[in-house]
Amino acid sequence: MLRQLLIALVLGLTLTFNAYSETTHSHGAKHGGLVVPTTGHHNAELVATDGLLQVYLTDHDGGPEDVKDAKATATVLSGGQKTQVTLGPDKGNLLKGAGDFKAGPGTVIVITLTMPDHKPEQARFKLD
């Protein structure tokens, strides 16, 4: 009886903790893109269409990061071609860049980002 009670208690705490985690740390795509963590302390959401990349940068708590002084590039690997795209600050937490590439299934995009007073960080995306 005691063992069953202990198992139920542990299971209940585990489920409660998981529910709490998911509700307080939601980092879903707010702009319809793909979200991945960078190698630093940010999350990046990529919205990619043919010839255009938009990267929304947030901190690990989901708050927008100011990118006005950020430096960023993207390497786009698509259809056997490699294209370098410079990403520049647009507004708020948005970095934007254009280039001659197709953004289809299998396209790999590697973002290299340097924020002021931080080491460079990267994020890797593979489009479905």
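This tour moves through a predicted model, from its sheet to its hairpins, its core and a salt bridge.

**The sheet**

Begin by displaying the strands as a cartoon. Eight strands form an open sheet, and its order is E1-E2-E3-E6-E5-E4-E7-E8. The pairing in this sheet is antiparallel. Next, select residues 34-37, which are strand E1, and then strand E8; these are the edge strands, each pairing on one side only. From one strand to the next, the twist averages 25°.

Select residues 71-78 for strand E4 and residues 81-89 for strand E5. These two strands pair in the antiparallel sense over seven bridges. Within the pair, threonine 73 stands opposite threonine 86 in E5, and serine 78 stands opposite glutamine 81 in E5. Now select glycine 79. This hairpin has two residues between the strands, and glycine 79 takes a positive phi near 60° there.

**The hairpin of E5 and E6**

The hairpin of E5 and E6 has four residues between the strands, and glycine 92 takes a positive phi near 60°.

**The nonpolar core**

Show the side chains of Leu53, Leu87, Leu95, Ile109, Ile111 and Phe125. The largest nonpolar core has 22 residues, and these six touch the most other members. At least two residues of this core come from each of E2, E3, E4, E5, E7 and strand E8 (121-126).

Then centre the view on leucine 95. Which residues does leucine 95 touch, not counting residues up to four places away in sequence? Among them are Leu53, Val55, Val67, Ala72, Leu87 and Leu113, and the list also includes Gln54, Gly88 and Pro89.

**The salt bridge**

Finally, select lysine 102 and aspartate 50. Their side chains meet in a salt bridge, at 3.9 Å from N to O. Lysine 102 lies in the loop between E6 and strand E7 (108-114), while aspartate 50 lies in the loop between strand E2 (42-49) and strand E3 (52-59), so the pair ties together parts that are 52 residues apart in sequence. The count of salt bridges comes to one.

Terms used
Residues numbered from 1 in each chain as written. Predicted model: local features only at pLDDT ≥ 70, side-chain atom pairs only at ≥ 80, totals over all residues. Heavy atoms only, no water. Pairing = 2+ DSSP bridges. Salt bridge = Lys/Arg side-chain N within 4 Å of Asp/Glu carboxyl O. Core = buried A, V, L, I, M, F, W, Y, C linked by side-chain atoms within 4.5 Å. Buried < 20%, exposed > 50% of the residue type's maximum accessible area, 1.4 Å probe, protein only. Contact = heavy atoms within 4.5 Å. Axes fitted to C-alpha atoms, helices over the stretch in contact; angles between N-to-C directions.
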